[in-house]
Amino acid sequence: YVQTGLMGHQYNGTTLTIAKKGAGVAEIVDPCIDAYVQTQSYYEDCARHGFTATCFQNEFFPPGDVDLSHPRFLATNAQPGPCGSGYCACDGL
């Protein structure tokens, strides 16, 4: 994402499929995603990549396994910087 701190639309990422409108792709893909999100493998993938705070929680997520200390969880105008960290402060906002 170009902007950090825009949280409402990015939880759990986005799955993009391309097909003709009305082709029924969502009806094929969505049940697969819904089933996978309920598995231990899903939790392990989230943990492996450090996204347990933003993945949808299922029964395999240990209680309290959410760490929101990473700068990507701060609103854009709350970024402390320095830019060398990849998260620039927004002076003057």
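In the predicted model, the bonded cysteines of the protein, numbered in sequence order, pair as 1-2, 3-4. The count of disulfides comes to 2. A disulfide is a covalent bond between the sulfur atoms of two cysteines. One of the links joins C46 and C55, with the sulfur atoms 2.1 Å apart. The angle about the S-S bond is -100 degrees, and the link of C46 and C55 is left-handed. Both C46 and C55 are buried. A disulfide is also formed by C83 and C88, whose sulfur atoms lie 2.1 Å apart. The relative accessible area of C88 is 35%, so C88 is partly exposed, falling between the limits of 20% and 50%. A further cysteine, C32, has a relative accessibility of 52% and therefore counts as exposed, the cut-off being over 50%.

With regard to secondary structure, the protein has 2 helices and 0 strands. Of the 93 residues in the protein, 17% are buried. The accessible surface comes to about 6,800 Å², and carbon and sulfur atoms contribute 58% of this surface. Among the contacts in the protein with a separation of 6 or more, 26% are accounted for by residues 24 or more positions apart.

Aromatic rings were examined next. A pair of aromatic rings is described by the distance of the centres and the angle of the planes. The count comes to 3 aromatic pairs.

Because Y43 lies in helix α2 and F61 in the segment after α2, the pair ties together parts that are 18 residues apart in sequence. Y43 has a relative accessibility of 16% and so counts as buried. One aromatic cluster is formed by Y36, Y42, Y43 and F61.

Another phenylalanine, F73, was considered separately. F73 is located in the segment after α2, the helix that spans residues 40-48. The relative accessible area of F73 is 16%, so this residue is buried under the limit of 20%. Between F73 and A53, the C-alpha to C-alpha distance is 9.2 Å in space, and the two residues are 20 apart in sequence.

Definitions and conventions: Residues numbered from 1 in each chain as written. Predicted model: local features only at pLDDT ≥ 70, side-chain atom pairs only at ≥ 80, totals over all residues. Heavy atoms only, no water. Helix = DSSP H or I, 4+ residues; strand = E, 2+ residues; numbered from the N terminus. Buried < 20%, exposed > 50% of the residue type's maximum accessible area, 1.4 Å probe, protein only. Phe/Tyr/Trp six-rings, centres within 6.5 Å; stacked < 30°, edge-to-face > 60°. Contact = heavy atoms within 4.5 Å. Areas by Shrake-Rupley, 256 points an atom, 1.4 Å probe, with all protein chains shown as cover. Disulfide = S-S within 2.5 Å.
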